Structure formats: C-alpha cells, structure tokens
Amino acid sequence: MINRLRHRINKSFSARFSLYIILLVGAVFIITFAVSYHYSYRTIENSARKNAEGLLKNTTLEIESLLVRMEKVVDNLKTVVEKGEISTDSLYSLVADVVKNNDEVIGSAIAFEPGYFKSKGYYFSPFAYRNREEILTKQLGSPDYDYFIMEWYQIPKLLNRNYWTEPYYDEGGADVIMCTYSSIMRDKNGKFIGVFTIDISLSWLSDLVANLKPYENSYSFVIGNGGTYIVHRQSNRILNESIFSISYQEPDPGISRRIGQKMVDGETGEEVIINDGYVAYVFYAPISNTGWSLAMVCPKDDVFVDLKLINRILAGIAIGGLLLIFIFCARIIKNVTLPLRSFSTSAKQIAQGNFNVILPKIKSEDEMLELHDSFEYMQKELVHYINSLESTVSAKEKIESELRIARQIQLGMIPKTFPAFPSRSDLDIYAILYPAKEVGGDLYDFYIDNDKLYFIIGDVSGKGVPASLLMAVTRSLFRSISAYLKSPANIVSSLSSAIAESNDSNMFVTLFLAILDLKTGEINYCNAGHNPPVLLYNNEVSLFPVDPNIPIGLFKEFPYTEQKGNIPSGATLFCYTDGLTEAENETKKLYGEERMLKILQGKEQYTCKEQINTILEDIALHVGDAEQSDDLTILTISTFSSQIGRKIVFKNELSEIGKLSKIINSVCKQMELSSDLSMNLQLALEEAATNVIQYAYDGEKGEIELNISKSGNRLEFIMSDSGVPFNPLKMKDPDVISDVEERPVGGLGIFLIKQLMDEVDYVRLNGKNILTIKKIIKR
Amino acid sequence: MEVKIENTNAETMVKMIGRLDSMNSVEVEKAVAPVMESDMKNVIIDCSEFDYISSSGLRIFLTMLKEAKKKGGKLSIRNMKAEIKSVFDITGFTPLFIFE
C-alpha cells in the first residue's frame, strides 16, 4: 500500500507538487500552532494564577471580616462587664443577646476568675447557647467543669491577650466543630478578671470554602496552626489528620510538607504538585488573626481544559484545510500538465516511427505553446533527417555488399585449397591472407609447372579498395608473364614496367618472386623491396639473402637482379608481408622481427600449416584486443626429396619426433598409402624412436639412424643406435585386460609396434642395437 | 598440439586438437594438470579434432581415467576418430573408457 503510494507520488508530477505544498503549509501550520499554544498556555496560566489569588484574597477577607466582626462584638460588650455596670444576674441576658443577635454564634460565656464575686462562689460563668431555635442560659463552671484549665480560658490568661482557640469538636454541647474567641477582661487596675467568649460553628467556614471552586475538579481546604485540617472535602480528615501526617501517604512527601510549612508560617504562594496521579496547582494564603491558612487545589487539566478544546478545533481545521489544499493543487496541476501527458504520448509514437502524429492543441500562449512549437519543429526535422539517413544507409549498404563481393572475388584469385598438391610427397605448402579491411593489397600465388614451383608474395602500398585493385592486377600479370618468361628477374621487370606505365597514383608493390626446382631444391628468385623470407633448417633460422631492388611500379626501366640459392630437403622457406612484423598491439608496439625469429626457431619440424598457426597464435597474443593494423599474409614452403633408400640421422632428443613424423608422412604420401596405414607406420616408428631416445644412451648425447627401403609390396625400416644393449622384443607384453585400478600405466610402446607391424626383429651387431620393422603394403 | 579446457556447470570439456606424440606429451600433461586437480565429476574429452596418439598419449588418458575413478568422478570420450579408436582397441583401452 505504502509502496503503491510512493510509486504514485514518484510517477505523478501533480501528486509530488501537491505533496510539497502540503508539507510547506503543514510546516507553517505547525509553527503557528506551537507559538500560539506557547503563548496561550502562558496567558492561561497567568490568568489562572491571578484568578486564584483574587479568589483566595476575597475568601480570606470574607473570613477575616466575619471574625473581626465577632471579635468586635465581644470586645465592645466586655467593657460593660469590666466596669461592673451590669448586675451579675443581668450577665445571663447579656450573653443570651450575643447569641441571639449573631447567627454565626452558637454560644457565648463570661467566665470570671475563681471567687471574683464573693456571692457567686468559686465558679462563676454565665453561658448562653443555641439549642435549635431556642436560646438557653446556664452557669457553666462547676467542680465537674473546671473551666479555669480549659484552653479558651487558660491560654489567653497566660498569653495576656485575646485569643482564638484551635477548632475543636464540642461533644457535650452542639455536636459541631467550632472554635472559641476569648477576649480578656481587666479591672480598672488592669488586673485580669476573666474572659468574655463566643463560640462559632465552623460550618459557615466549610460552606464558604466549599463554594471556593473555580474549576470543576478543584477543591479547597483550611489548616489550623499546627497544620491540622479544619476544613477539607474529606470530613474524616478534619481535626484527625494534618497536612504533615497526610504527606506520608504521598509518593513525594517533601512537596506537601513544604507547602504545609509555608502555610503554617503564614505565607502566600503557589506550588505544582502531583495529587492522586494528576498534576495540580496549589494556591495558598493565610487567614490573619487565626494563624489558619486557606489552600485551593486546581487540577492542571481543568485549568487548561479550554486550551485543549481550542487545540483540537485548530488541529481539525488544519487537517481539513491541508486536505482541501492537496485536492485543489492536484486538480489544478493535473489540468495544467494535461498537455504534457499528450506530448509524452506523442513522443512515444514519434519514437515508434510515427512522425506524423497529431500534437495536442494548445490554446494558451505560455511555455506549453513553446513546447508545442518545438515538438512540431522536431517532427519536421526528424522526417527530413530520417529521409536523408535512409538514403545514406542504403548507399552505404550497397557499398558494403559490393565490398563483400569484392572480398570474395579477391580471395578467390589466390589459391586457398590445402593441401594444394596432395599428390606430391616432396612438397608441403600453406598460406594465409587476412586483409585488414574488407579488401586488401597483399597477395600471394603459386603454381607448379614442370616440377618447378612458381610463387610470389607481395604487398601493395596502402590498404583498401585502391590497393586491392592493384593487387588483382599484379597477380594476373604474374600468372600471364610467368607463363612465357622463366627468369624471376625478367618477370619482375616486366611486371614493374607494365604497372608503371599506367600508374598515375604513384602506387607501388613490394614482392618476392621465386622459381623453386622441386627435384633439386635449387631456387631462383628476385626480391623487389620486400621483407626477406626466413629459412628454417637444422634448428636454425636465417634471413634469406636478398638484393636491394626497389618495389615495382615506380619506374619503367629498373635493372632488377636475380639470385640463386638452395632449399635443402626438410627445410622451410617462410615468406611474409610486413603485416606480421608490424602487427600493433593496443599501445602501438610492433610485433617485430626478433620475436618472429624466436618463435620460428626449430619449427621446420612442424608442417607448414602448423608453422603458420603457431605464429598466428603468438601474434594474437601480442595484438590482444587491438584492431588489425595492416593486411597480413604468410606463405610457407617445405620440400622433401624422396626419403626411400636414404640414411636419415636423428639426435636422441624427443624434439626429433616431429622430423621423423614428417619423413614418414612424406614416404607415405610418395607411396600413396591410406591415412590409416600412414598413421600406423608413424606410430610404430615413433614408439621405436622414443624407446631409443629415452633409454639407449643413459642421458648422454647420441644418434639414431634410420634406413627406409622398399622391396615389392614390403616397406622396411631399420633403426639402429650405439647405446646400451637392449632387446625390446624380450620385454613382457603389457597387461591389456585388467580393470582400470590394476592396469599399469606404460609399457605399451613395443607392444604397439608388434601389434601394428608385420615383422619386428632385433639384433645386436658391431656394438649397435638394430631393430628391423617390416610392413606389407596391401593395395 | 593444442588442449582447450572449458568448464561449465555440469562438466569439464577437454578438447584435444592435433597430434599427441612423445614430443609434446609433457606439454599436454601440464595442460591437463588443472583437470586432474579438480573433482573430475564429469570430464569429457572431445576428440573430434584429435588426429594422432602414441603410447605416451595413452599414458595421459589412462592416468586421467585412474584419477577420475579414484575421485569417484566420470571421464568419457566424445567423437574419437576411427584410426585412434583402433589404437585404443589394440591396447585394450576400449573397455576401460566410456565412449559417447
């Protein structure tokens, strides 16, 4: 789901743009909201504080004013008593009046010092009290009620000042919580004569405090001097518990105790507490005269209840607004970008080749129109471009196909079928020609006429089509001129003047042209500025000596010189063009003559095809991934005079096996033997030779002689060595039956000779091991 | 003589090209050494361009087969020319190998 949404947002410009706007507006909303919340919070907190302070002040004032009024009543009346202006019996009606005239007063007494009035005895204390609606009077003092030790009497006397008692529960009397104000009475000498008291029920205080409730869940309480609860919403706490005792039930007693201490000390202030799991503000203020303190607890949630509501409304508006903006933006942008979608479809159709697709109509004159015009321009240009490209491509294709045909024609001119002369056992010849481009300027050609091999290798200056034309001309001229001229120098001279005659573009050809007598190995040759061929013979490589004649085609008359030489039997003449030595690798480094000679060393034992493949592999290693830099042509020629009846000498080295194989091959060819028989002979002779090479000379250098002879339908091979005496025929035949695990490796060589050949004999004669192998040739 | 080794998921293809005689057997032995060191699960010797073998070449074939058997692997020969096959026949090698 989320992935789909993300995909949609990534794909749709309108969705993405709308999202950006939403994010921006949302951020503005959040900042506004945070700032507003911060300041609203502060304002509400301040106003709550002021409100609380005002409420507290009003309430304490109200309490104080009532208490002061009560005090005044007593303080005013007591002077009448002090001056003795009233009879002792009238004192009863005095206190009765006090109770009657003041609703808050539930009792009033005038208590005198012991025996103050002789007539009245030890205790005298007229007392009036409210009993329901009635007001009753009585004399309070008696031995049972020794009021001199009561708090309301004793403490003002001791303190010598008017005194409000701590609230107490009057069990005997009105069964209410009350407190007593005692005003000291003195005679004219200032001597203490007793106290005038009034008792006030605290129910009015409870009512008053209960009304002190600015928030739904807020409440107030009053504590006395010692921290005892006087008024509390939990009535069981009143007079039984103090703010300090309660603090032990709280998770953090410190806060309550601190508040309690400050309240007892008569301070005004506020604290934040955690009360029953919710945060609340506590505001407190003293009630003067009494030493009591009033506190108001306001839960924070209640204080900020309005702010929360406003926040919810704001959040609702914000989310709704953002949603509207999103939808609105998406709609507008979609409408605006609608032409873009059409353009996109058009572009796809154009890409598919439909250049005449109709573009969307743009009514506005803005960027869309510009885009429309650009599209239209692109359409026109594309049609134009494709048309011209098509004609170019078809022209190019035509040239390319013509070049392919030209390449086939060119390669068709040179002999490519190998073995070229399968009937000749005295000649091995192989050649390759790789043009760097489709067609090239290298050439080779050969043919045999009258046991003489006519061959040419050449390189036309330049590459490609012009070079290939001259190459074709040169090759044709070689065939036609060599048909009647039998001297290489003459042939080259004729070639040169024929080409020079019509050579306006000053092209030239380097070449090596030779006539090899296959019977004698004699070679007549002429080199016209071409790389000298390499002669491979007897494990040695040497450059064939050539005269410094100039390339052909430059001058009509040039005295080309002819040279004579000899190609011994088993030797190879390796002819090549500079595409070999100048083959470049990626860093433009040339292959070089030195590397070529190193690779060719000893390779006369290879067949001509193997020689060429070996050097091609090494060139490929050098060139790597670089492009072929020049045409490359190689022509190799090996000659063998007949081996039959000759004595052939080998060194006792395994590398001589190649030479042996070549000789046997040539014999087989000469005798026109089947490939099966040829292989069997090669195998038998190799095994015999390998046996001598490996064991006869005990690590020393030595020679092996081979005589091949033929009598009737029998071929005879006599192999001799002067090594340690060893009769291979005495060796036990190897195990050719056991399973793989038990089958010994080796010992098969001699066995193979015996199996493949018709007769095998060994004799030790004149210090030589002589092995005679005979094979009957079946026609 | 050339030896081409191609490793695919399922098999190791050893292609023998040309003549394997005593002159180049050491070279070929070196060329197939990585195959002998492998697990030899499924080795196929492609002889379609293999022209000649002598006893030193036969040694290499037998050594490879023994190694494969020892490792519990498989070695088979593909497209061997008849002339070479006849050498295998003479030397009693034919029953030892699997010819595809």
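Let's begin with one residue, Val98(A), which sits in helix H3 of chain A, the stretch from residue 90 to residue 101. The model you are looking at is predicted, and every value below is computed from it. Is Val98(A) buried or exposed? With 23 C-beta neighbours inside 10 Å, Val98(A) counts as buried, because the cut-off for a buried residue is 20 or more. Setting aside residues up to four places away in sequence, Val98(A) touches Val73(A), Leu77(A), Val105(A), Ser108(A), Ala128(A) and Ile198(A).

Now move along chain A to helix H7, residues 253–264. Which residues of H7(A) are buried? They are Ser256(A), Ile259(A), Gly260(A), Met263(A) and Val264(A). These residues cover an arc of only 130° around the axis, which means that they lie on the same side of H7(A). What do they pack against? Their surroundings in chain A are strand E8 (219–223), helix H6 (243–247), strand E10 (269–275), strand E11 (278–287) and strand E12 (292–299). After H7(A) comes Gly266(A), which has a positive phi, near 80°.

The next helix to visit is H12 of chain A, residues 488–501. The same kind of check works here: at 1.5 Å a residue, its 14 residues should span 20 Å, and its end C-alpha atoms are 20 Å apart, in agreement. The buried residues in H12(A) are Pro488(A), Ala489(A), Ile491(A), Val492(A), Ser493(A), Leu495(A), Ser496(A) and Ile499(A). Among the elements that cover them are helix H11 (464–484), E16 and E17 of chain A.

Those two strands deserve a visit of their own. Strand E17 of chain A runs over residues 522–528 and is mostly covered, with five of its seven residues buried. Strands in a sheet pair through backbone hydrogen bonds, in either a parallel or an antiparallel sense. In which sense do E16(A) and E17(A) pair? Strand E16 (residues 509–517) of chain A pairs with E17(A) in the antiparallel sense, over five bridges. For a pair of residues to look up, Leu513(A) has Cys526(A) in E17(A) as its bridge partner. E16(A) and E17(A) form a hairpin with four residues between them, and Gly521(A) in the turn has a positive phi of about 85°. E17(A) also pairs with strand E20 (residues 563–566) of chain A, again in the antiparallel sense, over four bridges. Here Tyr525(A) stands opposite Gln563(A) in E20(A).

Let's turn to chain B. This chain has three helices and five strands, which run β-β-α-β-α-β-α-β from the N terminus on. Of its 100 residues, 40% are buried. Among contacts in chain B with a separation of 6 or more, 74% come from residues 24 or more positions apart. An open sheet of five strands has the order E1-E2-E3-E4-E5 in chain B, with mixed pairing. Strand E1 (2–7) and strand E5 (98–99) of chain B stand at the edges with a single partner strand each, so one side of each has no neighbour in the sheet. Strand E2 (residues 12–20) and strand E3 (residues 43–53) of chain B pair in the parallel sense over eight bridges. In this part of the sheet, Gly18(B) stands opposite Phe50(B) in E3(B).

How do the two chains meet? Their contact takes 24 residues from chain A and 20 residues from chain B. On the chain A side, the elements giving two or more residues are helix H16 (657–670), helix H17 (675–695) and helix H18 (749–756) of chain A. H17(A) provides the largest share of that side, eight residues. By type, the residues on the chain A side divide into ten nonpolar, nine polar and five charged.

Finally, consider the confidence of the prediction. Chain A averages a pLDDT of 86, and 97% of the residues score at least 70. Within chain A, confidence is lowest in helix H1 (residues 2–11), at a mean of 67, and highest in strand E21 (residues 572–576), at 95. Where pLDDT is low, the predicted coordinates should not be read in detail.

Notes
Residues are numbered from 1 along each chain as its sequence is written. Chains are lettered from A and ligands numbered from 1 in the order in which they are written. This is a predicted model: local features need pLDDT of at least 70, side-chain atom pairs count only at pLDDT 80 or more; totals for chains, interfaces and linings use all residues. The expected span of a helix is 1.5 Å times one less than its number of residues. A residue is buried if 20 or more other C-beta atoms lie within 10 Å of its own, exposed if 12 or fewer, and partly exposed in between; C-beta atoms are placed from the backbone. The arc is that of the directions from the helix axis to the C-beta atoms. Two residues are in contact if their C-beta atoms, placed from the backbone, lie within 7 Å. Ala, Val, Leu, Ile, Met, Phe, Trp, Tyr, Cys and Pro count as nonpolar, Asp, Glu, Lys and Arg as charged, and the others, Gly among them, as polar. Two strands pair if DSSP finds at least two bridges between them. pLDDT is the predictor's confidence in each residue, from 0 to 100.
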